[in-house]
Amino acid sequence: MFTAPAFALALALAQTAPASPADAPAPIPPIDEAREQVIANDGALFWAAFEGCDADQLEPLLAEDFRMLHDLGGMVASDRAGFIGIVREQCEARQPDGKNPGYMNRRLSVPGVRQITKLGDWGVLERGAHTFQELRQRPAGTYGADDPGGPSWVQVGGARYIHVWKWIAEEGRFRLLESLSIDHGAAPQYPPAGE
């Protein structure tokens, strides 16, 4: 038998609406959906850092404690703010009054090599390869007497990468926690020697 105060408390608890599912943290999505999100994030990340040169687009893609390790440069960044600062400096250098005015580069993902693996219920591991290109002025006649020359994308190198994407349940999205950029090398000769 309930006493009056206990009954009132039980009644109040019974009438309290359960938390809305919209308020609950979102569970990590199934691997197919996670793959789509990570591929979209990857494209946005490299667009912002390279061809788009827009450091402000990086903040929602990176965890606050993001870090980047590079086989040639060591610890490039130990947090999100540091990495965004590096990209911002590089973008400012491309401005007309910068140290490298007009410079343009881009990253292309190598088709068919990307692998995405779920890391328990907290993240995703992305592995892949990419190439790097720079926009350069092609001399007239490069492709024959009628070639007037002009800007051309030239492959200047390539590398492999390993990314750890952390699921942020409260935000319902992935943020890049760690980037390992390895096996950087020069672009292969094209056409290959002897052909």
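Predicted model: local features only at pLDDT ≥ 70, side-chain atom pairs only at ≥ 80, totals over all residues.
Visitor: Let's start with helix H2, how many residues has it got and how far does it reach?
Guide: Helix H2 covers residues 31-49, which makes 19 residues, and from its first C-alpha to its last it reaches 26 Å, close to the 27 Å expected at 1.5 Å a residue.

Visitor: And which residues in H2 are buried?
Guide: The buried residues of H2 are Ala-34, Val-38, Asn-41, Asp-42, Leu-45, Phe-46, Ala-48 and Ala-49. If you look down the axis of H2, these buried residues fall within an arc of 155 degrees, so they line one face of the helix.

Visitor: Which exposed residues sit on the face turned away from that buried side?
Guide: On that face of H2 you will find the exposed residues Asp-32 and Glu-36.

Visitor: What does Asp-32 form with Arg-35?
Guide: Asp-32 forms a salt bridge with Arg-35, and the closest N and O atoms of the two are 3.1 Å apart. Both residues belong to helix H2 and lie three residues apart, which is about one turn of the helix. Asp-32 has a relative accessible area of 53% and is exposed, while Arg-35, at 31%, counts as partly exposed.

Visitor: How many salt bridges turn up in the whole structure?
Guide: A search of the whole structure finds 13 salt bridges.

Visitor: Where in the chain are Glu-59 and Arg-175, then?
Guide: The side chains of Glu-59 and Arg-175 meet in a salt bridge, at 3.8 Å from N to O. This pair links distant parts of the chain, since Glu-59 is in the loop between H2 and S1 whereas Arg-175 is in strand S7, 116 residues apart.

Visitor: Is Arg-175 buried or exposed?
Guide: Arg-175 counts as buried, because its relative accessibility is 7% and buried means under 20%.

Visitor: What about Arg-160 and Asp-183, how far apart are they N to O?
Guide: The side chains of Arg-160 and Asp-183 meet in a salt bridge at 2.6 Å, N to O. Arg-160 lies in strand S6 and Asp-183 in strand S7, so this pair ties together parts that are 23 residues apart in sequence. Arg-160 is partly exposed, with a relative accessible area of 41%, and Asp-183 also counts as partly exposed, at 46%.

Visitor: Which residues get joined into one network by shared partners?
Guide: Salt bridges that share partners join Glu-59, Arg-80, Glu-171, Arg-173 and Arg-175 into one network.

Visitor: New topic: what's the volume of the largest pocket?
Guide: The largest pocket has a volume of about 630 Å³. It is lined by 31 residues, and those closest to its centre are Phe-50, Met-68, Gln-90, Asn-105 and Phe-132.

Visitor: Which elements give two or more residues to that lining?
Guide: They are helix H2, strand S1 (62-70), helix H3 (80-93), strand S5 (123-138), strand S6 (150-168) and strand S7 (173-186).

Visitor: How many of the lining residues are polar?
Guide: By class, the lining of the largest pocket has 13 polar residues, together with 16 nonpolar and two charged ones.

Visitor: Last one, where does Pro-30 lie?
Guide: Pro-30 lies in the loop between helix H1 (4-15) and H2, and it is exposed, with a relative accessible area of 53%. Pro-30 and Asp-121 are 91 residues apart in sequence, and in space their C-alpha atoms are 9.7 Å apart.

Definitions and conventions. Residues numbered from 1 in each chain as written. Heavy atoms only, no water. Helix = DSSP H or I, 4+ residues; strand = E, 2+ residues; numbered from the N terminus. Expected span 1.5 Å × (residues − 1). Buried < 20%, exposed > 50% of the residue type's maximum accessible area, 1.4 Å probe, protein only. Arc of directions from axis to C-beta. 1 Å grid on protein atoms, 1.4 Å probe; cavity = no way out; pocket = protein on both sides within 12 Å on 5 of 7 lines; lining within 4 Å. Points joined across faces, edges and corners; volume = space filled by probe spheres on them. Nonpolar A, V, L, I, M, F, W, Y, C, P; charged D, E, K, R; others polar. Salt bridge = Lys/Arg side-chain N within 4 Å of Asp/Glu carboxyl O.
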